[in-house]
Amino acid sequence: MSSQTQSSRSVIIIGAGIAGLSTGIYARLNGYHTKIFEMHSLPGGLMTAWKRKGYTIDGCIHWLTGSEPSSNFYPMWADIGLIQKREIIYPDVFNHIEGPNGEELNIYRDVNRLEKHLIELAPEDADFIKSFCGSVRACSGFNPPVESSDNPLIKFFNNLRGLPKMLTVLPHLIRWTNMPMREFSSRFKNPFLAEAMKNLWMPEMSATTFIFTLAWLNDKTAGYPLGGSLPMAQDVEARYRQLGGEIEYNCRVKKILVENNSAVGVLLEDGREVRADTIISAADGHATIFDMLEGRYLDDKIRMVYRDYTPFPPLLLIGLGVNRTFNELPAVNGGFNIYLDKALEIAGEKISHLDCMIYNFDPNLAPEGKTALTVMVGTKYNYWKEISAEPELYESEKKRIAIETIQRLNGRFPGLSDQVEMVDVATPMTFERYTGNWQASFEGWLPTPQAVRASIPMILPGLNHFYMVGHWVQAGGGLPSGIMTGHDVVKQMCKRDGISFKTR
Ligand SMILES: Cc1cc2nc3c(=O)[nH]c(=O)nc-3n(C[C@H](O)[C@H](O)[C@H](O)COP(=O)(O)OP(=O)(O)OC[C@H]3O[C@@H](n4cnc5c(N)ncnc54)[C@H](O)[C@@H]3O)c2cc1C
């Protein structure tokens, strides 16, 4: 694959996030010659972490869907070498949320325990609590088919086997899909629960994502991989290379070359043109369609997606290294949410809660006896874009927010101010610089009721030999979207080329 030669069945993949690497692995397993161009110096994209003063700041993983062998996702994680070396833990508490009057809500992994706890907190909401926990129970044990067979007989029997469970789950799917979390939370009469549920995730998200996550937590198939994100990215990259895949870092793709409405190669920022039979973009969706392809391959559906869908908000991620153990707290891998008596002002908004990851459950991320901590704040892209044009203001704002965050945390954990040994602030500009994600979204499209009901095309109208993978072509995003879309696109390519699709 070079500017002169074009090997048969060659593939160029843009981006080495989970989607690009997974696509590369499945393509190699099926005999394609593959080359990934990655603009950053590391594999992983958003699935990453960085080291500061002996601490690791993890920028991604809270829970891995399909982390147990009983899940249909698991063989795929094994295909790409992500899961084999992992030790997975399943903390009892997924989220912990504190209220203004000392209230404490625990989202327990076990649905029976969760139901009992919620009814104790809000007996007035017992009916609604029983109703949604009933849905979680009904959806537990549902193992969505992630790989459909091409063999009609196998497909028929697989469908038949899954039918009874599907029939149980379907009414719950219909019931919750159209309800955004804002409406779900408004069903609680208890003001603390109503507020906590609204802000647990994004209020625009479909309640079905919440119900299914609770079901997977209850099934113990969505755990936290000790060591965090970067070792996973490194293992997947190693698997890709072992299979003979090529990868070039610090190599930004500027344009996708098209001849006679077929994608034929890429133009790199350094001026090189590289050609291949098939081009797959695992990079940002907006940049792919509107910059690399100059908006020439659009239809109403794609226009509608980029006009009407809402991206996940950009994040401010404050990493702290703290010289204490936090052994007195439970392990909480979905977020430890602290109420602030005095709101914190960020990008013109009053922040009354801090959503923290207190990594007292992962000793790999800090020196012995110390703890890594991150604070995640959803923020405004335009604000950070504007102030990044004034480097002094940008830096001083980062510093102010870090100082005030530490002060607020000190209110909840007295003594913390003096124990902080490392501070690091990543803004939406940091995420944009290292991953190119549109509006610095951290997970592609929000799974709103509108977005979860429809699929997003992985091909573009009128453009041959071109595919898109990753969290911009599957609303809800996350690591599963990367591996599922990579797997599916290679399967489609195999069908096109008359190859019998192989996994491990
Ligand atoms: C704080 C945080 C917490 C999260 N928690 C979870 C979680 O608990 N569980 C979960 O499953 N998911 C989680 N996610 C989401 C998950 O990380 C992403 O959805 C997923 O990693 C997206 O993968 P991707 O390959 O589609 O995209 P990306 O990771 O964005 O990869 C795209 C790659 O393309 C490269 N690229 C872009 N443009 C170009 C170009 N022009 N030329 C060359 N290369 C280019 C980028 O550098 C990048 O490496 C979290 C994300 C964040 C930020």
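I begin with a term: the domain bounds I use here come from an automatic or database domain assignment. I also note at the outset that the model is predicted.

**Entry: domains.** I looked up how the protein is divided, and I found domain 1 (10-47 + 227-310 + 444-497), domain 2 (105-219) and domain 3 (315-435). I then checked the separation of domain 2 and domain 3, whose C-alpha centres lie 30 Å apart.

**Entry: helix 1.** I turned to helix 1, residues 18-29, and compared its length with expectation: at 1.5 Å a residue its 12 residues should span 16 Å, and because its end C-alpha atoms are 16 Å apart, the two values agree. I looked next at how covered helix 1 is, and 11 of its 12 residues are buried, among them I18, L21, I25, Y26 and R28. The elements that cover these buried residues include strand 1 (10-14) and strand 2 (33-37), together with helix 2 (74-79), helix 9 (229-242), strand 14 (278-281) and helix 17 (479-497).

**Entry: ligand.** I looked up what surrounds the ligand and found 40 residues, of which the closest are G15, G17, G45, G470 and G478. Helix 1 and helix 17 are the elements that give two or more residues to this shell. By class, I recorded the shell residues as 20 nonpolar, 16 polar and 4 charged. I finally asked which domains the shell draws on, and noted that domain 1 and domain 3 each supply at least three residues.

How values were computed. Residues numbered from 1 in each chain as written. Predicted model: local features only at pLDDT ≥ 70, side-chain atom pairs only at ≥ 80, totals over all residues. Helix = DSSP H or I, 4+ residues; strand = E, 2+ residues; numbered from the N terminus. Expected span 1.5 Å × (residues − 1). Buried ≥ 20, exposed ≤ 12 C-beta atoms within 10 Å, placed from the backbone. Contact = placed C-beta atoms within 7 Å. Near = placed C-beta within 6 Å. Nonpolar A, V, L, I, M, F, W, Y, C, P; charged D, E, K, R; others polar.
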